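Biologist: Could you take me through this model and tell me what stands behind each label? I like to see a value set against its cut-off.

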Amino acid sequence: MAKHSKQTLEEQNRSYLSTIGRRFMRHKLGVISLYFLCTLLLLALLAPWITPYAPNKLVGKFSSPPSAQFLLGTDQVGRDVLTRLLYATRISLLVGFASTAIATAIGVVLGLVSGYFGGWVDMIIMRFTDMVMSFPYILLVLVAAAIFQPGLWNIILILGFVDWPGVARLVRGNVLSLRETAFVQADVVAGMPTRHTLFSEILPNTIAPILVYATSVVALSILDEAALSFLGMGVQPPTASLGNMLNGAQSITILTTKAWLWVPPGVLIILLVLSINFIGDALRDAVDPRNIRQ
Amino acid sequence: MMRYIIKRILIAIPVLIGITMLDYLIMSLAGSPLAMMQGPRVSQAAVEAKALQLGLTQPIYIQYFTWLGQLLHGNWGYSIKTYQPVWEMISQNLGPTLLLVGVSLILGFVIAVPAGVYSATHQYTKGDYAAVTLSFLGTSIPSFFLSLILVYVFTVVLGWLPSGGMTTLGTGGDFWDVVRHMLMPTAVLTASFAGSNIRYIRSSMLEILQQDYLRTAKAKGIGRFLTINKHAMRNALLPIITVISMQIPMLIGGAVVVEQVFSWPGLGLLTMTAIMNRDYPVIMGVSLLSGLIVLLGNLLADILYAVVDPTIQLK
């Protein structure tokens, strides 16, 4: 009997996932974006093997325009722009995913605790969330970046520690409604340990909205890293990042005469963020229970 | 109602104090503002005298209480860099920022409300896809990149618009001069505001369109126009209020990057300079102001909810 019911549960899970997969595939822009992102991810990961030059090595003349030898030209000190672009994409994706992972982890734990226990714990956590949220976002990031030496890992940590309040609120809201459902009440009555109720019963039921929200956090983190690096307070040269490659365009000569230095990284940021947002949108449509029956 | 407002203000005070404590703590970790002053031409004794004068030798919590005490007397402190009163600096820079961000926020809504409503009422049509795609584009373009493109097109290539500042140097700056300087930064900010608003309004409108009371309204035969504009719009006001209250913090900190690119003399530029110089009193002032505005915005949103939706009871 027990074995039988377990099997049907697995089947149900599989059919739920395949339903979501099928409905994701219906969102054309989402699917195109997914292919695009995977290609970019692959190119970025394989950068050391597919680029003919080293990212920080001077390989040509200063600021030479695109040619057969340097497909996107060279920068102000003679490094290959295309090579640096691929390495910069690596950095952007790393920042996006790593800081989102940190933010999601913090937000999930605080949201679960806050929603499930309520009372004073909830009050304190939510007031703290209000505090972090009432900072103008970019201000907080800038102050933090000024304090802790700007650099790749500090940027990841800063963005991670700033982005969690949204996740916490989302999870808390979900927990509040799940707490009253029969299957959670049954757990409580059966005397299951709280840890089990929280992580094995409640958390799996909030995964879908968390995932959707997390994609928007990835997009935001990539944009924020770019903005910070553009202002010179993010990833520091010589490490290439999509933001600091645009930094030079603040000078009018580069802006006017050397478009190959600032247009490609900018366009790449847009495409990257746009594709992540489309994937998030497709995911939102796919997991929305109101669409399941259709 | 009055009791509710008073209660909310009382709750907001500890949050505000918490914000300032957090600010002070973070900044004390940043290191001394005098580190920027040190150099071969500045003697160690001068630096120490300066530290004593600014009260930097005292423990951090004493410094905090001194700052808080002065604040309660209406003194926001003095800039370490320029020796100007902080409040004077903030009030000088507040106007340009409010003008720039305020106009952009309003324009963002003027574009987003009709676009979002159209998109929701014409779901899965070409117009809907166009609106959604544009809104995604608006939120996905980094503001500094859009700024660069605009400067390239309108200043470098066409030579129509000035690349930065608020008025032409040497002139007093009449109304049209300011407008010309504002066009590009406003366009950049509006694009990002409208982008996020369209999607929000669209999705909340879609939700409302599925409600039973709308089916009733349709069944009454009052026509599509009245159904949408009278019954649906009124209920869509709630989520719109939420978006407004979410974007109120933008009034202070939302334009840092854009102000930097266009050298717009606002709070963002002031803050950026203060951060670079570790000018604590100025950073504290801006943070406090933004905290105040955010809390006020939240309160305002809750009151507006009750005004718009009679079923919400404030307790």
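Biologist: Which pattern does chain B follow, read along the sequence?

Modeller: Chain B reads α-α-α-α-α-α-α-α-α-α-α-α-α. This is a predicted model, in which local features need pLDDT of at least 70 and side-chain atom pairs count only at pLDDT 80 or more, while totals for chains, interfaces and linings use all residues. Residues are numbered from 1 along each chain as its sequence is written, and chains are lettered from A and ligands numbered from 1 in the order in which they are written.

Biologist: How many helices and strands are there in chain B, and how many does chain A have?

Modeller: Chain B has 13 helices and zero strands, and chain A has 14 helices and zero strands.

Biologist: What makes B:Y124 exposed?

Modeller: A residue is buried if 20 or more other C-beta atoms lie within 10 Å of its own, exposed if 12 or fewer, and partly exposed in between, with C-beta atoms placed from the backbone. B:Y124 has 8 other C-beta atoms within 10 Å, so it is exposed. It lies in the loop between α4 (86–121) and α5 (126–140) of chain B, and it has a positive phi of about 65° although it is not a glycine.

Biologist: Why does B:S263 count as partly exposed?

Modeller: B:S263 has 14 C-beta neighbours inside 10 Å, so it counts as partly exposed. Phi of B:S263 is also positive, near 40°, in a residue other than glycine. You will find B:S263 in the loop between α11 (256–261) and α12 (267–277) of chain B.

Biologist: And why does A:R195 count as exposed?

Modeller: A:R195 has 8 C-beta neighbours inside 10 Å, so it counts as exposed. Its place is in helix α10 of chain A. A:R195 and A:V171 are 24 residues apart in sequence and 16 Å apart in space, C-alpha to C-alpha.

Biologist: What share of the residues of each chain counts as buried?

Modeller: In chain B, 36% of the 315 residues count as buried; in chain A, 41% of the 294 residues do.

Biologist: What makes a nonpolar core, by definition?

Modeller: A nonpolar core is a set of buried Ala, Val, Leu, Ile, Met, Phe, Trp, Tyr and Cys residues joined through C-beta atoms within 7 Å. The largest one here has 133 residues, and A:V141 and B:I283 have the most contacts inside it. Helix α10 (residues 194–230) of chain A gives the most to this core, 15 residues.

Biologist: Which residues is A:V141 in contact with, leaving aside its neighbours within four places in sequence?

Modeller: Two residues are in contact if their C-beta atoms, placed from the backbone, lie within 7 Å. With those neighbours left aside, A:V141 touches A:I158, A:L159, A:V162, A:D224 and A:L228.

Biologist: How many residues of chain A are in contact with chain B?

Modeller: 30 residues of chain A are in contact with 34 residues of chain B. On the side of chain A that touches chain B, the largest share, eight residues, comes from α13(A). That side divides into 24 nonpolar, four polar and two charged residues. Here Ala, Val, Leu, Ile, Met, Phe, Trp, Tyr, Cys and Pro count as nonpolar, Asp, Glu, Lys and Arg as charged, and the others, Gly among them, as polar.

Biologist: At what angle do α13(A) and α5(B) pack?

Modeller: α13(A) and α5(B) pack at about 130°, with their axes 9 Å apart. That angle makes α13(A) oblique to α5(B). Angles under 35 degrees count as roughly parallel, over 145 as roughly antiparallel, 65 to 115 as roughly perpendicular and the rest as oblique. Axes are lines fitted to C-alpha atoms, for helices over the stretch in contact, and angles run from 0 to 180 degrees between N-to-C directions.

Biologist: Which residues of α13(A) and α5(B) make the contact?

Modeller: A:I270, A:V273, A:L274, A:N277 and A:F278 of α13(A) meet B:F136, B:L137, B:T139 and B:S140 of α5(B). By class, this contact has six nonpolar, three polar and no charged residues.

Methods
Helices (H or I, at least four residues) and strands (E, at least two) are DSSP runs, numbered from the N terminus.
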